[in-house]
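Me: Can you walk me through this one? I'll paste it here.
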Amino acid sequence: MRESINKCFDVLHSPTLPYQPFWSLFDPALPPTAIDSFDHKKFFQMVGLKKKSADDVKKVFHILDKDKSGFIEEDELGFILKGFSPDARDLSAKETKTLMAAGDKDGDGKIGVDEFSTLVAES
Ligand SMILES: [Ca+2]
Ligand SMILES: [Ca+2]
């Protein structure tokens, strides 16, 4: 996990990346009531991914595809926040399913690079 830390930031290389209170939204110490609050549209906008080129979005996709299968599977999707910040929490099972449903256009249970690009573009 550690090697992927900040790689997404390297791709985004944005000087205006939000830190606090943005990342506090994803603090693992958050009370359970704050869980299930993940909004991928807001997230992609706030980390600046939406404004990046198609190539940069693909680079981020390949970082999140940790096992290099060519797809982001459900277990990888749950760690999506950690790709951006090592201190971020994992997505809850419910959030992961919601995000998968939003991104998995062809219903094969995983997100391909084109689906990921579409998901970012839609945000
Ligand atoms: Ca994968
Ligand atoms: Ca799919």
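Reply: The end C-alpha atoms of residues 52-87 are 23 Å apart, and the span is 42% helix and 6% strand. Helices (H or I, at least four residues) and strands (E, at least two) are DSSP runs, numbered from the N terminus. This is a predicted model: local features need pLDDT of at least 70, side-chain atom pairs count only at pLDDT 80 or more, and totals for chains, interfaces and linings use all residues. Residues are numbered from 1 along each chain as its sequence is written, with chains lettered from A and ligands numbered from 1 in the order in which they are written.

Me: What does UniProt call residues 52-87?
Reply: The unreviewed entry annotates "domain: EF-hand" there, and also at 91-123. Positions use the numbering used here, feature names are shortened, and annotations may be inferred rather than shown by experiment.

Me: How far apart are the ends of 91-123?
Reply: Their C-alpha atoms lie 18 Å apart. That span is 64% helix and 6% strand.

Me: Which residues are listed under "binding site"?
Reply: The unreviewed UniProt entry includes Glu76, Lys110 and Glu115 among them.

Me: Where is Lys110?
Reply: In the loop between helix 5 (93-103) and strand 2 (111-112). Beyond four places in sequence, Lys110 contacts Phe71, Ile72, Glu73 and Asp104 (C-beta atoms, placed from the backbone, within 7 Å).

Me: Why does Lys110 count as partly exposed?
Reply: Because 19 other C-beta atoms lie within 10 Å. Buried needs 20 or more, exposed 12 or fewer, and partly exposed is in between.

Me: And Glu115, what does it touch?
Reply: Glu115 sits in helix 6 (residues 113-122). Leaving out residues up to four places away, Glu115 touches Gly103, Asp104 and Lys105.

Terms used
Two residues are in contact if their C-beta atoms, placed from the backbone, lie within 7 Å.
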